[in-house]
Every structure is written in structure tokens, then in C-alpha cells.
Amino acid sequence: MNKFVAALPMYDWPEARREVDAQWARLRDAFQQRGIDAPETIVRRNRDLPPVPGGIHDKAGMVIAPDPATLPPDEIDFHQLWLSPALLFGQTCWGPMELGLAGHVQVIAQPNYDAFEGGQGELYSSALVMAADGGPPVASPQDGKAIIPIDLLRGKRFTFNNPDSMSGLIALTRDLEALGESLDIFASRSESGGHRSSIIAIAEGRADVAAIDCQSWALAQRFEPAAKAVKVVSWTARRKGLPYITARTTPEKTIAMMRDAIAAVESGASKQPLVQLVG
């Protein structure tokens, strides 16, 4: 039995799971070829995480998360996953990283977003979407700077995926602050639970505007019918995308081997975007 677990949860839409599994299979094989005990499959449920009796501790010995075995088995708690001492390879968001996660994990690499409108290299941006009105969508600016139409957004109902999301909330907050504004321009704010749910809420008239990261927006255009009822009205500034991470206890030698494997896999897959290695 492998002592490690792996997950790629951030773009793991049900319709895209075959693609996500294939991505992991390429990485897994490259890791195993270098002697890394990479698991055969990625985890998608709390029950797939190894138990940690007494809870997960930080390097100072403080409990920072409960034993995964105590959580709903068929759900997935992202923070529990990210903090798992068994995490070999995962993906998170810079929102949680800035809010404390960075002290408990190590960054392996940054994905490349060149394949998506709104992305450039390791940087990505969020599309601000509203109900479609027959007009054309706003294209992502080439310079990667924010386009924030204050007058269009003022007084609208804003929905976001979750409070620690860089793409769904923090990025827009910072872009508004740079203009001397805040989230107070909105008539109301609500938490949808996910980018896809935000798009559906706008299509159904329960919200007016949301910020959707460019890769999630690309997925929505492929798989979510409600995306046809909304359009892009502006973009946040480009920022670092969702990093690949590993547990804080993963040895430096293993991280170096993973970086070597990632570089080999991505450089040999012409249809896959390259990653920027970190470290």
C-alpha cells in the first residue's frame, strides 16, 4: 500500500474526470520511474485519506486539522487534503496559501495557463460574468491589467465560490481597492460554494455578477449549459495561478525528482501546457 496520496481537485469537474485521471497517470508513471512511491489513483473522498489518530499536527505539535476518519466519508474537505501528512502531489489556490496554508506545505510547480483566455504562463485572471444581453463578451486584455467597470457593477448582487478563493473573491477585492473602491459597491454578497454554482446562480437570476477563474470558465463553456446564459463583462488582473503542492515533510530529494518528472512529462506532451518549476 502506498504511503502517499495525490489529488488534482481544483478543476476536477465530473465531465473532465477522464482528462484529470489521464493527467495524473502521466505524472504517476514518471514519478514511479524515478523511484517515487506514487499512488495509482488520485483521491476524491475523505475516506480515501489515511487516518491520522489524534488529528493532524503542525511542526510545533499543535493540532491543525481533525483525523480524516472523523469526517463525512463521501465528501472531500480540501483543507484536510492539503494538510494531510501523506500528500505527495496536490493543487491548491493562493488564497488559502496566503491565509496560512503556505506554512504547512511546499510548492512544487506552477501550471501554465497559456491555453486559456485570461492566462499567460504561470499567471491567470478571472472573468467577471453577468447575464447575457446579446452584446459581445469583453476580451481579456493583452497587458493582463484589470478591467473593472465600476458603474456596471455598482448595486449588483455579487456571488463568489468561497471566502478564501483568490480567483472568486480576493483578486476582485484587491482590484477594487486599487481603484479606491471595495466590495461595498455591490448591493449584496453571497457564497455559492463553487464557480459552477456561481454561473448557475446568475443564469437563474439569483445573482448578478461573479468572478470565475479563466480555466473554470473554459470548463463551463464546454460542460455547463448555464454558461450560455451569461457573458464576460470584464477581467481581474493576472496573478499567479493554482500551485502544485506537497506535504511539508516531503523530502527535498523527492521534490527534486518530482520536478524533474514534471518537466519531462510536460515537455513531451505537445497538447499539454508546460509548467513553471519552483525552487
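Two strands count as paired when DSSP finds at least two bridges between them. With that in hand, welcome to this predicted model!

- Strands of a sheet pair through backbone hydrogen bonds, and the pairing can be parallel or antiparallel.
- Here you can find an open sheet made of three strands, in the order β10-β7-β11, and their pairing is antiparallel.
- Strands β10 (210–213) and β11 (230–235) form the edges, each pairing on one side only.
- From one strand to the next, the twist averages 45°.

**Strand β7 and its partner β10**
- Strand β7 covers residues 126–131, and four bridges join β7 to β10 in an antiparallel arrangement.
- To see this pairing for yourself, look for V129, which stands opposite A210 in β10.

**The helix on the sheet**
- Helix α7 (residues 214–223) packs on the sheet and touches β7, β10 and β11.
- The direction of helix α7 makes about 90° with that of β10.

**The cavity**
- Rolling a probe the size of a water molecule over the atoms shows where empty space is left.
- How many cavities of 30 Å³ or more are there? The count comes to one.
- The largest cavity holds about 30 Å³ of space.
- Its lining is made up of Y124, S125, S126, M166, S167, A171, T236, A237 and R239.
- Sorted by kind, the lining residues of the largest cavity are four nonpolar, four polar and one charged.
- Helix α5 (residues 166–178) gives the most to this lining, with three residues.

Definitions and conventions
Residues numbered from 1 in each chain as written. Predicted model: local features only at pLDDT ≥ 70, side-chain atom pairs only at ≥ 80, totals over all residues. Heavy atoms only, no water. 1 Å grid on protein atoms, 1.4 Å probe; cavity = no way out; pocket = protein on both sides within 12 Å on 5 of 7 lines; lining within 4 Å. Points joined across faces, edges and corners; volume = space filled by probe spheres on them. Helix = DSSP H or I, 4+ residues; strand = E, 2+ residues; numbered from the N terminus. Nonpolar A, V, L, I, M, F, W, Y, C, P; charged D, E, K, R; others polar. Axes fitted to C-alpha atoms, helices over the stretch in contact; angles between N-to-C directions. Contact = heavy atoms within 4.5 Å.
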